[in-house]
Amino acid sequence: MMKERSRIQILINWLGPFLGLILVLIIFSSIPEVQDRFLRISNLKSVATQSVIVALGALGMTFVIVSGGIDLSAASNIALASVITAFAINAGLPPLLALLLGVWTGGIVGFANGVLITSLRLVPFIVTLGMLGIARGVAKWIAGNQKIDAPITWVNELMAKSPRPSWMLLAPGVWIMIVLAVIMAVILRYSVFGRHVFAIGSNEATARLCGIRITQTKILVYTLAGLFCGLGGVMEFSRLTVGDPTVAVGLELDIIAAVVIGGGSLSGGAGSILGSMIGVFIMSFLRNGCTMMGWPNYIQEIIIGAIIVVAVALDQIRHKQESVSK
Amino acid sequence: MLESLSSYPVLLQMEQISKSFGATRALDAVNFDLRRGEVHALIGENGAGKSTLVKILSGALKPDSGRMRLEGSPFFPLNPLNSRKSGISMIYQELNLAPDLTVEENIMLGREIHRLGFLQRKKTLQEVRRALELIHHSEIHPHLPVKKLSVGVKQIVEISRALVGETKILVMDEPTSSLTLEDTKRLFEIIGRLKDQGVSIIYISHFLEEVQEVADRFTVLRDGKKIHTGPMEDASLDDLVQMMVGQKFVEMFPRVEHTVGDVLLRLNGLKGRKMQAGVDLSLRRGEILGVAGLIGAGRTETLRAVFGLDHIERGSLTVGGVKSIKGAAWTRISQGMGLLSEDRQEEGLALSLSIADNLTLSCFSPYQRFGLLNLKRRKKVVEKNIERIKIKAQDPHQPVFTLSGGNQQKVAFGRLLHQNAEILLLDEPTRGIDVLSKSQIYEWMGKLAVEGKAIVFVNSLVSVIRSQFSIGGNLSIFVQPANVIPKVS
C-alpha cells in the first residue's frame, strides 16, 4: 500500500512539470483564433529555435542551482561570447576557431566565477553579480560600444529556421541543444560528478565529511555553466549575424526561472535537466502563444511572473505533503 | 540538607498531566512538583516528554487532561505571555538573541517600558541593571551589541532577560549544550545565586554529571511516564542511566572476546586550529578507545583535526606507521578512516538525498566506470546493507529525512561500514536516538572490534563509556589536559 503510494508519488513528481507544459499547449490550441497557427509545424520549429539560447544556459544553470549556487552572470556571459565570436570572424579567423573561441570565453568567465567563489569564500550571488557587470562591460569595451558586423559564414546557419539540407527538419542549433541535454541529463543523474553536485547542494558539510573535493567540483560546475553560456553566445551571434554587447539583458532571470519551474531548488540539492528543459519550453510556448493572440508584452510578463510563483509554490506544497505522508 | 529541602514550600504542582500528539502519547498522567528555591532536574532520553512537560508549563501547549497549581491556586496558562506574567520564564537550548541589537534592547525585547509608545530610557536602564545585578554580572555593558559577546556572556544576557519582572520559576532547557567548561561553571554560580533569592529552577540536561552537580532533586521521564522523583544525593550515575533507558540497559553492552593488535593511529602533541592543547594518543587494532569530557574539552575538535576537517597547527600524526600530517578528508578516507559526525542533521547526513546516496557517498568506486555509476549494482549493495544494519525503510531511494532519528543515525554509521573503514572515529554515535538503535550500534562496535578495526568512541557520559568497557576490556579514558575530568568512581 505504502509502496504503491510512493510509486504514484514518483509518477506525479515526474509528470508534474510535463503537466504544466501540456496545460499551456492545450490552452493555446483550444483558443480558436490561434489554434491552427499555434500547432503548425513551422511554429513549433520556430519555438524550438527561439528556445535554444535559454535552454543552453539552463543546462549549465541546472548544475549550478543543484550545487546550491546561482549564476547571475549568465546573460552577460552570453553577450560577451557573441561579441568575441563576431570579433574573431571579423578578424578573419576560420569560423570553427571563432566558434570555439566564443565557447572558450564563456568557460573562462565561468572558471573565474568558480575560483572567486571557492577561494574568497564569497556567496555565489555576490561573485556572479559582480561578474554580471564585468562581463557586460568587457563585451561593450571589446565591441567599442557598438554592434560588430561580421561576414556571413556557416556559423549563421546554426540557428536557421529552415535548415539545409531540409532532412534535418530542425535547425542545427536545436539538434545540438537536444544532444547536449541528453548528455547533461546522464551526467547529472548517473555520473559520480553529478552525485557530488547533488551532495554539495544538499549539505556541503556532509559532502566534505565524505571526502568530496568541494573546491574542484564547484569550479568545474561554474566552468561548465560558463561553457554553455559561451555556446549560447555563439548561437546568439548566429541568430543576429552581428556581435551585440547589449543583447540578452536580463536573460539570466529567464534561465533561472526555467530551472526553478522545472523543480530546481534555490537552496540546492534538487533539480533535473528534463525539468529545466520543460521549464524553458513552458516559457517559450507562453511567449509564442501570447504574441499570436496579439497580447501586449506586459501581459506576457505578468503571466510568466505568475507562473514562476505558482510553479514553485506547487512544488513546495508537493514536498511538504511528501514529508508529512511519511 | 534533605530535611531543609523538603521543608521548602511547594511552589508548583502538576498533577496527572497527559498529552497526545496523534497516536503518540507524549505524556501519560505525569505528576511533577517544584519547591521554592530548588533546582529540579528533569531527565530522560530524547522523546521522553521533557520538552512537552515544560511547554505545557509555559503555556505553549495545552494538556489533554490534568491540573496545575501555582502557589496553591489553580493555574491555567493560556499562552507563553500569560505564563511569563505569572512568573515563569524559559531559556531555550539555542540562544534566542537578536545579534545586532544591544544587551539592553535584547533584555527588554517585548517588554519595553514606554509611555505613549516612546521608550523611557532611564527606567529601562534601571530594570536592565537590576536584572544583571541579580546574577552578579553588572560588569556587562548594556549598550554593547550582542554579537560582540562570547557564547557564555550571551547566555548570561539570555538569563537576565528571563529575570526581567518577577520570576518565580526559571526553566532551563539544555543550557550548557553550547557552553565551554568555564562558562558552565559560571552558569552554575548564577544558578546558586538565583536559588538563594528563592527562584526555583527546572533544569533539563543530557549531561548527567552536570545534573548531579547542580540539582537538588530529579525527576526521570521515560516514554511519557514519570519513572521516579527523588533527592539527587541518593542517586548514582548508573542509577540514573538505568532509570532513563529502562530494562534494556542490561543487554545494551554485550561482551565479546577479541584481541588487540598493532597501533593503527598515533598522535603526538597534535594540535588542531580549534584545540586548546596538543593531544597524545595511540589507537590499536581491535581497540575501542573511549573519549570522555564535556563539550568544549576538545573531543570533537581532536577528531576533526585528525580527519582533516580542521587545520593542524602542530604535532604529528601517524597512520598505520606512516607519518601523514597534511591530509584533507579524502586523504583520510583513502587511508581507511571514517568519521561519524556528532551532528547528523547539520553535517552527518544530506537529509534531502536518498538512503542509497547517503550510505555510499564516501565510496563510489565499486559502482563506477569511466565516471558513470552503475545504479542497479549500487541498489543491490545498499539493500543488503539496509538489511544488515537493520535500517527500517521502505526503499533505498527514500530521502533520509523521512526516517526516524535512530534509523538516520544507522545510515550515517552504515556509511563507515560501507566504505569499510579500518579506523572509525565515532563522535557521540548514540546521541539522541532510541534505546533499540543505541544497543544495535553498540553491538556493531563490538563486532567491528572483533574484526580488528580500531574505534575511537566519544561520549559525554563516562558511565556509558565504562559500560562499553565490558566489550573487550581495552578502553582508555582520555580527557584533554587542563580540563575537569568527570568523576569516575
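Student: Is B:A41 buried or exposed?
Tutor: B:A41 is buried, because 25 other C-beta atoms lie within 10 Å of it. A residue counts as buried with 20 or more other C-beta atoms within 10 Å of its own, as exposed with 12 or fewer, and as partly exposed in between; C-beta atoms are placed from the backbone.

Student: What kind of model is this, and how are its parts labelled?
Tutor: This is a predicted model, in which local features need pLDDT of at least 70 and side-chain atom pairs count only at pLDDT 80 or more, while totals for chains, interfaces and linings use all residues. Residues are numbered from 1 along each chain as its sequence is written, and chains are lettered from A and ligands numbered from 1 in the order in which they are written.

Student: Which strand holds B:A41?
Tutor: B:A41 belongs to strand β3 (residues 39-43) of chain B. Strands (E, at least two residues) and helices (H or I, at least four) are DSSP runs, numbered from the N terminus.

Student: And which residues does B:A41 touch?
Tutor: Leaving out residues up to four places away in sequence, B:A41 touches B:Y203, B:S205, B:V211, B:A215, B:F218 and B:M232. Contact here requires C-beta atoms, placed from the backbone, within 7 Å of each other. By contrast, B:V381 is 340 residues away from B:A41 in sequence and 46 Å away in space, C-alpha to C-alpha.

Student: What is the order of strands in the open sheet with mixed pairing?
Tutor: The 6 strands of that open sheet run in the order β6-β9-β10-β3-β11-β12 of chain B. Two strands pair if DSSP finds at least two bridges between them. At the edges stand β6 (88-91) and β12 of chain B, each with a single partner strand, so one side of each has no neighbour in the sheet. From one strand to the next, the twist averages 20 degrees. Axes are lines fitted to C-alpha atoms, for helices over the stretch in contact, and angles between N-to-C directions run from 0 to 180 degrees.

Student: How many bridges join β3(B) to β11(B)?
Tutor: There are 4 bridges, and these two strands run parallel. Across from B:H40 stands B:R217 in β11(B).

Student: Which helices pack on the sheet?
Tutor: Helix α2 (residues 50-58) of chain B packs on it and touches β3, β6, β9 (169-173), β10 (200-204) and β11 of chain B; the direction of α2 makes about 150 degrees with that of β9(B). Helix α9 (residues 237-245) of chain B also packs there, touching β3, β11 and β12 of chain B, and its direction makes about 30 degrees with that of β11(B).

Student: What do β11(B) and β12(B) form?
Tutor: They form a hairpin with 2 residues between them, and B:D223 in the turn has a positive phi of about 50 degrees. Strand β11 (residues 217-222) and strand β12 (residues 225-231) of chain B run antiparallel and are joined by 6 bridges. In β12(B), B:T229 is the bridge partner of B:T219.

Student: Changing topic, which strands make up the parallel sheet?
Tutor: It is an open sheet of 4 strands in the order β15-β22-β21-β18 of chain B, with parallel pairing. The edge strands β15 (288-291) and β18 (337-340) of chain B each pair on one side only. In this sheet the twist averages 15 degrees from one strand to the next.

Student: How is chain B divided?
Tutor: Chain B consists of domain 1 (2-246) and domain 2 (252-471), with bounds from an automatic or database domain assignment. The centres of these two domains of chain B, taken over C-alpha atoms, are 35 Å apart. Chain B has 18 helices and 22 strands, and buried residues make up 45% of its 489 residues.

Student: And chain A: why is α12(A) called largely enclosed?
Tutor: Of the 21 residues of α12(A), 15 are buried, so the helix is largely enclosed by the rest of the structure. After α12(A) comes A:G294, with a positive phi near 80 degrees.

Student: How many residues does each chain give to the contact?
Tutor: Chain A gives 23 residues and chain B gives 27 residues. On the side of chain A that touches chain B, the largest share, 6 residues, comes from α8(A).

Terms used
Two residues are in contact if their C-beta atoms, placed from the backbone, lie within 7 Å.
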